[in-house]
Amino acid sequence: MHSGCGRSAVLFSIVAVLGGLPALAARAGGPVPSFERDVLPVLSAYGCNSGACHGKSRGQNGFHLSLRGFDPPADYAAIVQQARGRRVSPASPATSLLLRKATGEAPHGGGRRFDEHDAAYETVRLWIAGGAPPPTVGDVRLLDITLSTTEHPPGRQLGVTAHYSDGSRRDVTRLCSFQSSDPMVGRVSDAGLVESGSMPGQATVMVRYMGQVATYPVLRPYAHRPNDDFYRRLPRRNFIDDLVWDQLRKLGLRPAGPTDDATFHRRAWLDIVGRLPPADEVRRYLADPAADKREQLIDRLLARAEFADFWANKWADLLRPNPYRVGIKPTIVFDNWLREAFRSNLPYDRFASELITARGSAWRHGPAVLWRDRRTPEESAALVGQLFLGTRLECARCHDHPFERWRQDDFYGLAAFFAKVGRKGAGLLPAISGGEECIFTADEGELLDPRSGRPAVPRPLPGGSRVEVSSEPGADPREALAAWLVADDNPYFAPAAVNRIWAQMLGRGLVEPVDDLRTTNPASNPALLAALAEQFRRDGYDVKRLIRTIANSYVYGLASLPGSGAAADSLNFSRHLRRPLRAEQLCDALTDLTGVAPKLAGMPADSRAMSIWTHRVASPLLDAFGRPDGNQDPPFIRTPGPTMLGILHLMNSPEIEAQIAHPSGSAAALAAGSLAPAELIEELYLRIYGRLPHRDEAKIALRSFAGTSRRQAIEDLMWSLANTPEFFCED
């Protein structure tokens, strides 16, 4: 047994008195302790079945338990039946190896865990003395745990109540595992006492008991908190502002001030259509006196053709297959469908449904390519869970999720919906064979649960509408899954979608990572996530309307410099988070600046990087700035922040130098024009930064024209201005 989870004899004596263990009841002639309800919690509390001890994949010293007790029958067999039954001795319980090792009477790598006077010892002993009864189908099952709190200076004492299938309840506080997401903000003891840490902010205390989890939020306000009138006076443009200001009020955070018009203009262009604004657009916007010009700008951008390419490029990270695996033609067909979906503003529920239920030729129907790429039910379940449910289920493929409620039953129930996906045509190596492949619904098909060897029954994750899966030949279980997925009462679909889009617009999700929504990884602002999801449903899953709502909030227009005392906050959107351009954005920004498009293999001349149909198109710049590796399987999450490789490439690339110095490029055209040096500097600042130069910047830039040719001065300015964070970052 593992030595890393200490529990004292005193604590367990208290639990026995409070009824937390059945030991005293059993002494008085009560029922024999249950293996699943009483014994396994003891083993879990002492870390015996943790990943560092007997719960590891191969066990420890020949003794293997399921991780955190997720498989009671297997654990029972390991304790009672394996090792020739020497681990328990009903005729003489005190001589059982299970107890002798735990008390240190026999050599034990985990050391002494408890002694003969502990309630934990007595629980295990009485179970052995009662014949070590096994878990049965009719055993009382643990359904859930709930938390309560009491004032307990210097903090709050958490109480944990377990709820069982027979309606009974039990205080299990002393058998729980407690963990804080940030001990510097809020720390928690092994006994569940929550105390404030040394740093302001927010944290989450995770409570785990026998596969059930619950969370407790901890908020530690910042110093010098403004009064409530300060927050009531903050500008509000929609419900987003209301909910963000309310969160900042709880934490005592001051928001940043509003950003200037030039910065907002450039930000909106880059966030909504993915490109730099042309200089004439900047001039027109800055000169516009209209009070609602920001709202008008957002509407114009949402109507531009570049919107579809930019947002399709984002989803390509999550869906685009490797053409060497599925073939070049299917990859292009899929790419075209993806772009058309955003061009037509396909409602997000239809977008998801068409992908999940896709049938037909992968040469003609884009969504079918997804199932040419993902060829097993297990792969399909993991992908759908991550993309459309915001849930990483892959962990539950081998064992129950250690930090969430997902069980192996949930994973294989979801995977079973894809058991009847049939394929005919090219086979497993379509890129080599070059043949066509069609996706269809087979008359029969089943997924065997590896634990039982029996067919898994299609079953969605808990929550939402009931699902009726037709057993008729030719019926596609994916249709039932899609109907459940997009139903208004589905608790996962809309929150996962709005969290992903919020992250694209604000630089960080309300939940991070964006595809890991779970109880133990709560949103930084749960009320805002719920409100956005509800609005998204009411608007018919209209992606453009959601983007418009976010962009029109006052919060979206905050400056990136933090407000007073809020420099450490990066969770609550008290300021706009700066972020680097995507690789394709940067490549196209250089094209806009120089007037020369790079040569992209497999693409027409003068193509923009945002229109590339595969990540295998060779480009050192795109590779340097973090585009997905063409050999990796989606979904791909790009690494945030500029890399040293990217910065060095921008400074030293001969390809970029050739673009700037191209005889038909912008530098040559500007040099041949009639603009004065001061006007040229203004033009370059508008093209590169989307703003006019400050007075000191203009003075320094003018020096570039001294002692050199007009064209060389322009090229040098282009090079130096493009090698700054202001160029390759959004703000």
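In this predicted model, Asp 592 and Arg 275 form a salt bridge (a side-chain nitrogen of Lys or Arg within 4 Å of a carboxyl oxygen of Asp or Glu), with their closest N and O atoms 3.4 Å apart. The two residues belong to distant parts of the chain, 317 residues apart: Asp 592 lies in helix α24 (residues 583-594), and Arg 275 in the loop between α9 (261-272) and α10 (279-287). Helices (H or I, at least four residues) and strands (E, at least two) are DSSP runs, numbered from the N terminus. Asp 592 is partly exposed because its relative accessibility is 23%, whereas Arg 275 is buried, at 16%. Here buried means under 20% relative accessible area, exposed over 50%, and partly exposed in between (1.4 Å probe, protein chains only).

A salt bridge also joins Arg 518 to Asp 516, with 3.1 Å between the closest N and O atoms. Arg 518 is partly exposed, with a relative accessibility of 23%, while Asp 516 is buried, at 9%. Through shared partners, salt bridges connect Arg 275, Arg 304, Glu 306, Asp 588, Asp 592 and Arg 608 in one network.

In total, 57 salt bridges are counted. One of them is formed by the side chains of Asp 38 and Arg 170, at 2.7 Å from N to O. Asp 38 is part of helix α3 (residues 35-45) and Arg 170 is part of strand β3 (residues 169-171), so this pair ties together parts that are 132 residues apart in sequence. Asp 38 and Arg 170 are both buried.

Nonpolar side chains tend to be buried together in soluble globular proteins. A nonpolar core is a set of buried Ala, Val, Leu, Ile, Met, Phe, Trp, Tyr and Cys residues joined through side-chain atoms within 4.5 Å. The largest such core has 106 residues, of which Ile 272, Trp 315, Leu 319, Tyr 348, Phe 351 and Phe 388 touch the most other members. Helix α12 (residues 306-319) supplies the largest share of this core, 9 residues. Beyond its neighbours within four places in sequence, Trp 315 is in contact (heavy atoms within 4.5 Å) with Leu 338, Phe 342, Tyr 348, Phe 351, Leu 387, Phe 388 and Arg 500. Another core, of 45 residues, lies apart from the largest one and includes Leu 43, Phe 63, Ala 203 and Tyr 209.

Residues are numbered from 1 along each chain as its sequence is written, and side-chain values use heavy atoms, with hydrogens and water left out. Local features need pLDDT of at least 70 and side-chain atom pairs count only at pLDDT 80 or more, while totals for chains, interfaces and linings use all residues.
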